[in-house]
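Colleague: I would like to learn how to read the features of a model like this one, step by step. Could you take me through it?

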Amino acid sequence: MEAAAAADAADSMAQEQNTQAELTALQAKVTDLVEQAMRAQAEAQNARRRADEEVAKVRKFAVESFAESLLAVVDSLEAALKVENASAEQLLEGTQATHRQLMSVLERNKVSEVNPAPGARFDPTREQAIAMVPADQDPNTIVAVLQKGYVIAERVLRPAMVTVAAPK
């Protein structure tokens with residue numbers, strides 16, 4: 001019996017040592033996993049911070065390219081203002097050249113005109129009807145454009161102001 005009791009005690013001791021070893025291993029694994037989670041959270045916060053900084057930078061300098069391309073137009077206007085005693089013909093030529101230059105800049109930057117032709121169907125997403133007038137054309141068609149509109153990459157910057165044919 002004493003031998004059996006000693007064997008049971010030895011088994012209990014061995015079992016307790018195994019349990020203690022498992023507990024130590026699990027505690028080490030928990031510590032490791034907590035560290036990994038903390039590193040992952042810090043990495044996510046750093047990535048979010050870098051992304052926020054990048055978005056702020058993009059917003060801040062979004063118009064840089066557009067503004068840079070407008071500088072040539074400004075230079076042309078300043079040069080025109082320096083000319084003394086220019087004839088009306090020279091002023092007209094210079095103004096037309098500067099207008100072409102400005103329209104080229106707008107086109108390169110995906111800004112295009114909304115200038116519907118008379119008789120075209122009224123499009124409320126790109127045009128604003130100022131008035132409905134009696135006309136000899138189909139109802140809800142453009143009679144006249146009072147002011148051109150502009151879009152940038154299909155987003156309306158300013159709708160064209162138009163008059164529209166009234167229903168008969």
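Predicted model: local features only at pLDDT ≥ 70, side-chain atom pairs only at ≥ 80, totals over all residues.

Colleague: Where is the kink in helix 2 centred?

Modeller: The kink in helix 2 is centred on Leu71, and the bend there is about 25°.

Colleague: How should I read a contact between two side chains of one helix?

Modeller: An α-helix has 3.6 residues a turn, so residues three or four places apart point the same way. In this structure, Arg39 and Glu35 both belong to helix 1 and are 4 residues apart, about one turn of the helix. Arg39 forms a salt bridge with Glu35, with 3.7 Å between the closest N and O atoms, where the cut-off for such a pair is 4 Å.

Colleague: How many salt bridges does the structure hold?

Modeller: The structure holds 4 salt bridges.

Colleague: Which residues form a nonpolar patch on the surface?

Modeller: That patch is formed by Val30, Val34 and Met38, which together have about 280 Å² of accessible area. Of these residues, Val30 is found in helix 1, which covers residues 2–61.

Colleague: Turning to sheets, what does a strand order such as 2-6-3 tell me?

Modeller: The order lists strands as they lie side by side, and here 2-6-3 describes an open sheet of 3 strands with mixed pairing. Strand 2 (127–133) and strand 3 (142–147) each have a single partner strand, so one side of each is left without a neighbour in the sheet. From one strand to the next, the twist averages 30°.

Colleague: How many bridges join strand 2 to strand 6?

Modeller: There are 6 bridges between strand 2 and strand 6 (residues 160–165), and these two strands run parallel. Ala129, for instance, has Val162 of strand 6 as its bridge partner.

Colleague: What pairing does the open sheet with the order 1-4-5 have?

Modeller: That sheet of 3 strands has antiparallel pairing. Its edge strands are strand 1 (111–114) and strand 5 (155–158), each pairing on one side only, and neighbouring strands are turned by 35° against each other on average, direction ignored. Strand 4 (residues 149–152) is joined to strand 5 by 3 bridges, the two running antiparallel, and Val151 stands opposite Val156 in strand 5.

Definitions and conventions
Residues numbered from 1 in each chain as written. Heavy atoms only, no water. Pairing = 2+ DSSP bridges. Axes fitted to C-alpha atoms, helices over the stretch in contact; angles between N-to-C directions. Bend = angle between axes of the 7 residues up to and from the residue. Patch = residues over 30% accessible without salt bridge, like charges linked within 9 Å, V, L, I, M, F, W, Y side chains within 5 Å. Areas by Shrake-Rupley, 256 points an atom, 1.4 Å probe, with all protein chains shown as cover. Salt bridge = Lys/Arg side-chain N within 4 Å of Asp/Glu carboxyl O.
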